[in-house]
Number of protein chains: 14
Amino acid sequence: MGIEGADMIVAATYIGAGIAMGLGAIGPGVGQGMVGAKACEAIGKNPSEAPLLTRTMLVGQAVAESTGIYSLVVAMLLIFVV
Amino acid sequence: MGIEGADMIVAATYIGAGIAMGLGAIGPGVGQGMVGAKACEAIGKNPSEAPLLTRTMLVGQAVAESTGIYSLVVAMLLIFVV
Amino acid sequence: MGIEGADMIVAATYIGAGIAMGLGAIGPGVGQGMVGAKACEAIGKNPSEAPLLTRTMLVGQAVAESTGIYSLVVAMLLIFVV
Amino acid sequence: MGIEGADMIVAATYIGAGIAMGLGAIGPGVGQGMVGAKACEAIGKNPSEAPLLTRTMLVGQAVAESTGIYSLVVAMLLIFVV
Amino acid sequence: MGIEGADMIVAATYIGAGIAMGLGAIGPGVGQGMVGAKACEAIGKNPSEAPLLTRTMLVGQAVAESTGIYSLVVAMLLIFVV
Amino acid sequence: MGIEGADMIVAATYIGAGIAMGLGAIGPGVGQGMVGAKACEAIGKNPSEAPLLTRTMLVGQAVAESTGIYSLVVAMLLIFVV
Amino acid sequence: MGIEGADMIVAATYIGAGIAMGLGAIGPGVGQGMVGAKACEAIGKNPSEAPLLTRTMLVGQAVAESTGIYSLVVAMLLIFVV
Amino acid sequence: MGIEGADMIVAATYIGAGIAMGLGAIGPGVGQGMVGAKACEAIGKNPSEAPLLTRTMLVGQAVAESTGIYSLVVAMLLIFVV
Amino acid sequence: MGIEGADMIVAATYIGAGIAMGLGAIGPGVGQGMVGAKACEAIGKNPSEAPLLTRTMLVGQAVAESTGIYSLVVAMLLIFVV
Amino acid sequence: MGIEGADMIVAATYIGAGIAMGLGAIGPGVGQGMVGAKACEAIGKNPSEAPLLTRTMLVGQAVAESTGIYSLVVAMLLIFVV
Amino acid sequence: MGIEGADMIVAATYIGAGIAMGLGAIGPGVGQGMVGAKACEAIGKNPSEAPLLTRTMLVGQAVAESTGIYSLVVAMLLIFVV
Amino acid sequence: MGIEGADMIVAATYIGAGIAMGLGAIGPGVGQGMVGAKACEAIGKNPSEAPLLTRTMLVGQAVAESTGIYSLVVAMLLIFVV
Amino acid sequence: MGIEGADMIVAATYIGAGIAMGLGAIGPGVGQGMVGAKACEAIGKNPSEAPLLTRTMLVGQAVAESTGIYSLVVAMLLIFVV
Amino acid sequence: MGIEGADMIVAATYIGAGIAMGLGAIGPGVGQGMVGAKACEAIGKNPSEAPLLTRTMLVGQAVAESTGIYSLVVAMLLIFVV
């Protein structure tokens with residue numbers, strides 16, 4: 001038969017990469033949106049603190065980004081390294 | 001048999017790309033919508049700060065975009081590079 | 001047998017395109033609706049800022065559109081290029 | 001056997017079209033409803049701005065329509081062109 | 001064997017039509033309900049603007065109807081044309 | 001074998017009809033409930049406008065009914081015409 | 001083999017009827033509950049309008065019932081007529 | 001083989017009955033709970049109207065019950081009549 | 001083969017009973033909880049009406065119980081009678 | 001073959017019991033939590049009515065428990081009696 | 001073949017136990033959290049009633065625990081007794 | 001064949017343990033978060049009652065932990081004892 | 001055949017570990033986020049109590065962490081010990 | 001046959017890694033977003049406490065990160081060590 005075990009591994013790898021990145025983008029996307037929404041609201045009420053709030057927003061989003069990056073790393077590892 | 005292992009890998013790659021981009025577009029889309037909604041609300045209350053709020057909105061959305069771009073990258077890699 | 005590997009790849013491509021575009025339209029659709037809803041609310045309260053708010057709404061929606069366009073691009077690539 | 005690869009491709013195309021249009025109609029439908037709901041609310045409070053609000057509502061809904069149209073395009077391509 | 005490829009295509013077409021119309025009716029149904037709910041609320045508060053609000057409601061619902069109609073079109077195409 | 005292709009088509013048709021009507025009843029049912037709920041609330045606050053509000057409610061629900069009717073049409077077509 | 005195509009059609013019919021009625025009862029049940037809840041609230045605040053509100057509630061629920069009845073019709077057709 | 005087509009039909013009937021009643025109990029259960037919750041709230045605020053509110057609650061719940069009864073009818077038909 | 005059609009019917013009956021009772025317990029459980037929650041809130045605000053509110057709560061819960069009992073009946077029928 | 005029909009029935013029974021109890025515990029658990037939460041809130045505001053509220057809470061929870069007990073009964077029947 | 005029917009029964013038992021306990025832990029966990037959250041809120045507002053509120057909280061949680069314990073019992077029966 | 005029934009039992013055990021612990025961690029995690037969130041809010045408003053509130057929080061969380069521990073016990077039993 | 005039962009056990013172990021950790025991370029992640037969000041809000045209103053609130057937050061999060069750690073333990077056991 | 005058991009183990013490992021990281025990124029992403037959103041809101045109201053709030057936000061997010069890191073660890077173990 002033409003389907004070898006090594007082929008099945010590679011196919012599983014690519015499906016796994018798709019699942020990891022696709023699901024992994026939902027949480028950070030929604031979470032960063034919450035942060036950005038509240039930052040806009042806060043700046044609208046208190047514009048004089050815009051630099052401080054922008055910085056806080058970016059720090060908060062950067063941390064929320066982390067699990068998205070983990071997902072990217074896992075997907076990349078599954079595509080290239082494995 | 002006509003189905004070779006290499007064919008199965010390619011098929012898995014394309015299904016994986018579809019899953020990665022399809023699911024990966026949900027989070028950023030909703031998150032960016034939250035940011036934009038609050039920015040419109042804030043500008044409506046405080047129009048004199050519109051440039052500042054538009055800039056904050058764009059920065060917040062750009063960060064929320066990131067996981068969507070990761071998904072695009074993973075999908076592209078699965079389609080073209082693999 | 002009549003089913004060749006190349007046929008399976010093409011079939012997987014079309015299913016993948018359907019998944020990518022179908023799921024990818026949920027997030028931006030809801031997100032853009034949030035932006036538009038808040039813009040209408042803000043213009044109703046502060047009509048004199050309508051041009052500014054319409055512009056902000058369009059910018060916010062354009063960014064939220066991005067992941068929908070990525071999904072379209074991935075679906076198109078899966079249909080035509082692959 | 002009576003099932004040829006070309007038949008499987010066509011079947012996959014039609015299933016894919018159904019998924020793309022069915023899922024792709026959820027997001028814009030809900031999003032446009034949000035926009036319309038807020039527009040009615042705003043016109044009820046501030047009827048003198050009805051033309052402006054109707055225009056804003058239509059622009060906001062038109063943009064939210066975009067991913068629905070993409071889904072239609074993908075479904076049409078899968079049905080007729082492929 | 002009694003199952004020909006052409007039969008499988010037709011079966012896939014009908015399943016696809018069911019998915020497209022069934023899922024595609026969720027979004028517009030909920031969205032139009034939101035528009036109608038807010039229109040009733042607004043007319044109750046400001047009955048003198050009822051014609052204007054009814055018109056706005058109908059326009060908003062007509063646009064939200066669009067993706068439902070796309071779904072119907074795709075389902076009809078899958079049933080009759082394909 | 002006793003299963004012919006034509007049988008499979010008919011079976012697919014009936015499953016498709018069940019999916020189309022079952023899913024297609026969720027959206028309009030919830031949407032019409034929203035409209036009716038707000039109409040009752042509005043009439044309770046402003047009973048003198050009851051005829052106007054009842055009319056608005058019925059118009060809003062009739063439009064929200066549309067996708068439910070599309071689903072019924074698709075289900076009927078799948079059962080009787082196909 | 002003992003499984004004939006006609007048997008498979010009948011089995012598909014009964015599964016389809018179960019799906020159509022089961023899913024189709026969710027939307028109207030929730031929607032009618034919303035209408036009834038708001039009607040009770042409104043009568044509690046404004047008892048003198050109870051006949052008017054009860055009538056409005058029943059009309060609103062009757063319309064929301066429609067898709068539930070469609071589902072019943074489709075299920076009955078699948079069980080008895082097909 | 002020991003599995004006849006008639007057996008498969010009966011098995012499908014019982015699975016279908018379980019799906020119809022199980023899913024069909026969700027909507028009315030939640031909807032009737034909403035009605036009852038609001039009725040309790042309204043009676044707590046306005047106890048002198050308790051008979052009127054109880055009657056309204058029961059009417060509202062009876063209508064919301066309808067789709068649950070349809071589900072029961074379909075399940076019974078699938079179990080006994082078919 | 002050792003699996004007879006009659007065995008498959010019985011197995012389907014028990015799976016169907018599990019689905020009917022399991023899903024059918026969700027709606028009434030949540031709905032009765034809503035009624036009880038509001039009753040406690042109302043009694044806390046207006047303790048002198050406790051008997052009336054307790055009676056209303058029990059009536060409301062009894063009606064919401066109905067679809068749960070239907071599910072139990074269907075499950076029992078599937079287990080013992082069929 | 002070593003798998004007899006009677007074995008399949010028993011296996012189906014145990015899977016069915018797991019589904020019935022697992023799903024059937026969600027609704028009452030959430031519903032009883034709502035009742036308990038509101039009872040705590042009400043006692044905090046009006047501690048002098050604590051016995052009355054505790055009794056109401058227990059009655060409300062006992063009724064909400066009913067569908068959980070039905071699920072337990074069905075699961076027990078599937079495990080021991082069938 | 002090496003797979004006997006008795007093995008399949010045991011395997012089904014363990015899968016069933018996992019489903020029963022896993023799903024059955026969701027409802028009570030969330031419900032008890034609601035009770036505890038409201039109890040903390042109430043004690044924060046009215047600390048002098050802390051013993052009464054703690055007792056109410058524990059009683060409310062104990063009842064909400066019940067379906068979790070039923071799930072545990074079913075899982076244990078499936079693992080040890082069956 | 002190399003797959004024995006005893007192997008299948010062990011495999012089912014491990015899958016069941018994963019499902020039990022994975023699903024069983026959702027409810028307590030969310031519920032404990034609710035308790036902790038309200039406790040922080042209450043301490044922020046009324047810091048002098050911090051020891052009392054911390055104790056209440058811990059008691060409430062400990063009870064909400066219970067179903068998580070049941071899940072762990074079931075998973076452990078499935079891994080080690082069975 | 002090349003697939004032995006021992007291989008299937010190991011494969012099931014790894015899939016089970018993935019399910020346990022993946023699902024088990026959802027609840028604590030959301031719950032800890034709720035605690036942290038309320039703690040930030042409370043500190044912003046009452047900064048003088050920051051040490052007390054930070055401690056409460058950490059205690060509350062540590063307890064909410066517990067089911068996440070159970071999931072990790074189960075996943076580790078499935079990977080290394082089994 | 002070309003598929004060996006060792007191949008199936010490796011394939012299961014990669015699918016499991018994808019599931020663990022993909023699902024495991026949802027909870028922390030949403031939870032960290034909640035923390036960041038409330039921190040921005042609090043700083044906007046009380047900018048003089050920005051360092052304290054930023055520190056609290058980072059601590060709260062770091063704890064919420066933990067289950068995401070567990071997921072990464074499990075995914076890494078499944079990819080490299082197993």
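Which residue forms a salt bridge with Glu41(C), and how far apart are the closest N and O atoms? Select Glu41(C) together with Lys38(D), and you will have the pair on screen, with the closest N and O atoms 3.2 Å apart. As you look, keep in mind that this is a predicted model.

**First stop: the pair between chains C and D**

The pair crosses between chains, since Glu41(C) belongs to helix H2 of chain C while Lys38(D) belongs to helix H2 of chain D, residues 26-45. Glu41(C) counts as buried, at 14% relative accessibility, whereas Lys38(D), at 22%, counts as partly exposed. The count of salt bridges between chain C and chain D is one.

Now widen the selection to the whole contact, which takes 42 residues from chain C and 43 residues from chain D. Between them the two chains bury about 3,500 Å², with 80% of that area on carbon and sulfur atoms. The count of residue pairs in polar contact here, both at pLDDT 80 or more, is five. If you color chain C by helix, you will find that helix H1 (5-24), helix H2 (26-45) and helix H3 (50-81) each supply at least two residues of the side that touches chain D. By class, that side of chain C divides into 28 nonpolar, eleven polar and three charged residues.

**Second stop: chains K and L**

Select chain K and chain L next, where 42 residues of chain L are in contact with 42 residues of chain K. In chain L, Lys38(L), Thr56(L) and Tyr70(L) lose the most area to chain K, together accounting for 15% of what that side buries. The area buried between the two chains is about 3,400 Å², and 80% of it lies on carbon and sulfur atoms.

Zoom in on Lys38(L), whose side chain meets that of Glu41(K) in a salt bridge of 3.2 Å, N to O. The elements of chain L that give two or more residues to the side touching chain K are helix H1 (5-24), helix H2 (26-45) and helix H3 (50-81). The largest share of that side, 17 residues, comes from H3(L).

Glu41(L) counts as buried, at 15% relative accessibility.

How do the two copies relate to each other as whole chains? Chain L can be laid on chain K with an RMSD of 0.0 Å by a turn of 26° and a shift of 0.0 Å along the axis. Only 19% of the interface residues of chain L are also interface residues in chain K, so the copies meet through different surfaces.

Is Ser71(L) buried or exposed? Select this residue in helix H3 of chain L, and you will be looking at a buried position, with a relative accessible area of 0%. Leaving aside its neighbours within four places in sequence, Ser71(L) is in contact with Met21(K) and Ala25(K) as well as with Ala20(L), Met21(L) and Gly24(L).

**Last stop: stepping back**

For a view of chains that do not touch, select chain A and chain D, whose nearest C-alpha atoms are 15 Å apart, and then chain E and chain J, whose nearest C-alpha atoms are 24 Å apart. With everything displayed, a search of the whole structure finds 28 salt bridges over all chains.

Definitions and conventions. Residues numbered from 1 in each chain as written. Chains lettered and ligands numbered in written order. Predicted model: local features only at pLDDT ≥ 70, side-chain atom pairs only at ≥ 80, totals over all residues. Heavy atoms only, no water. Least-squares fit on C-alpha atoms with pLDDT ≥ 70 in both. Contact = heavy atoms within 4.5 Å. Buried area = accessible area lost by both parts, 1.4 Å probe. Salt bridge = Lys/Arg side-chain N within 4 Å of Asp/Glu carboxyl O. Helix = DSSP H or I, 4+ residues; strand = E, 2+ residues; numbered from the N terminus. Polar contact = N/O pair within 3.5 Å; in protein donor to acceptor, adjacent residues only side chain to side chain. Nonpolar A, V, L, I, M, F, W, Y, C, P; charged D, E, K, R; others polar. Buried < 20%, exposed > 50% of the residue type's maximum accessible area, 1.4 Å probe, protein only.
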